[in-house]
Amino acid sequence: MPIIQNPDLLSQVCPANWPLVPVSGKRPYQKGWLDRNYDRSEILAALESGKATGAGLKLGSGLLAVDFDGPSATKKLVELAGSNSLKIFSETTSWTSGRAGRKQCLFLVPEASWSRLRNLP
């Protein structure tokens, strides 16, 4: 789950329709978070009170994040999808921990293609 720790980024970077959840560390701290929709004011209040240390992006329903877990991941992408895939991955929203070769790339998958993503290895 991608984590946003700067409250100002909630409105600057995250579209209003992205489903966010308050987190402590890297994990949601409230029970039932998966089935709940949070509004931005709830998340901001949780950040300001110190209950939350960030906001996580709930993936699914068309939001897909692809992990690159080290330098060999880029080579594997080219092997599986061809060199043109690097352009697509460089143009989408992404974030990193700052460690070499590690990042996540975000994609919005059309609903007609959701079934193609089920049960991937």
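**Exercise 1. Find out which residues Ser85 touches, leaving aside its neighbours within four places in sequence, and decide whether Ser85 is buried or exposed.**

*Solution.* Step one: look at the contacts. Once neighbours within four places in sequence are set aside, Ser85 is in contact with Leu77 and Val78. Keep in mind that you're working with a predicted model.

Ser85 belongs to helix H4, which covers residues 85-91.

Step three: check the area. Buried means under 20% relative accessible area. Ser85 has 6%, so Ser85 is buried.

**Exercise 2. Work out the overall layout of the protein chain: how many helices and strands are there, and in what order do the elements run?**

*Solution.* Start by counting: the chain has 4 helices and 7 strands. Now walk along from the N terminus, and you'll read β-α-β-β-α-β-β-α-α-β-β.

The C-alpha atoms fill a box of roughly 45 × 35 × 25 Å along the principal axes. Of the 121 residues, 28% are buried.

Last, check how the chain meets itself. Take the contacts with a separation of 6 or more: 58% of them are between residues 24 or more positions apart.

**Exercise 3. Describe the largest nonpolar core and name the residues that touch the most other members.**

*Solution.* Here's the idea to begin with: in soluble globular proteins, nonpolar side chains tend to be buried together.

Now for this chain. The largest nonpolar core has 14 residues, and Trp18, Leu20, Ile43, Leu57, Leu63 and Leu106 touch the most other members. Strand S2 (20-24), helix H2 (40-49) and strand S4 (54-57) are the elements that give two or more residues to this core.

Leaving out residues up to four places away in sequence, Leu63 touches Trp18, Pro19, Leu57, Lys58, Leu106, Phe107 and Leu108. With that same exclusion, the contacts of Leu106 include Trp18, Leu57, Leu63 and Trp95. Leu106 sits in strand S7 (residues 102-108), and its relative accessibility is 5%, so it counts as buried. Leu59 is another contact of Leu106; these two are 47 residues apart in sequence, yet their C-alpha atoms are 9.3 Å apart in space.

**Exercise 4. Where do the buried residues of H2 fall when you look down the axis of the helix?**

*Solution.* First, list them: Ile43, Ala46 and Leu47 are buried in H2. Looking down the axis, you'd find the buried residues of H2 within an arc of 100°, so they line one face of the helix.

Then step past the end of the helix. H2 is followed by Gly50, which has a positive phi near 90°.

Note on methods:
Residues are numbered from 1 along each chain as its sequence is written. This is a predicted model: local features need pLDDT of at least 70, side-chain atom pairs count only at pLDDT 80 or more; totals for chains, interfaces and linings use all residues. Side-chain values use heavy atoms; hydrogens and water are left out. A nonpolar core is a set of buried Ala, Val, Leu, Ile, Met, Phe, Trp, Tyr and Cys residues joined through side-chain atoms within 4.5 Å. Buried means under 20% relative accessible area, exposed over 50%, partly exposed in between (1.4 Å probe, protein chains only). Contact means heavy atoms within 4.5 Å. The arc is that of the directions from the helix axis to the C-beta atoms.
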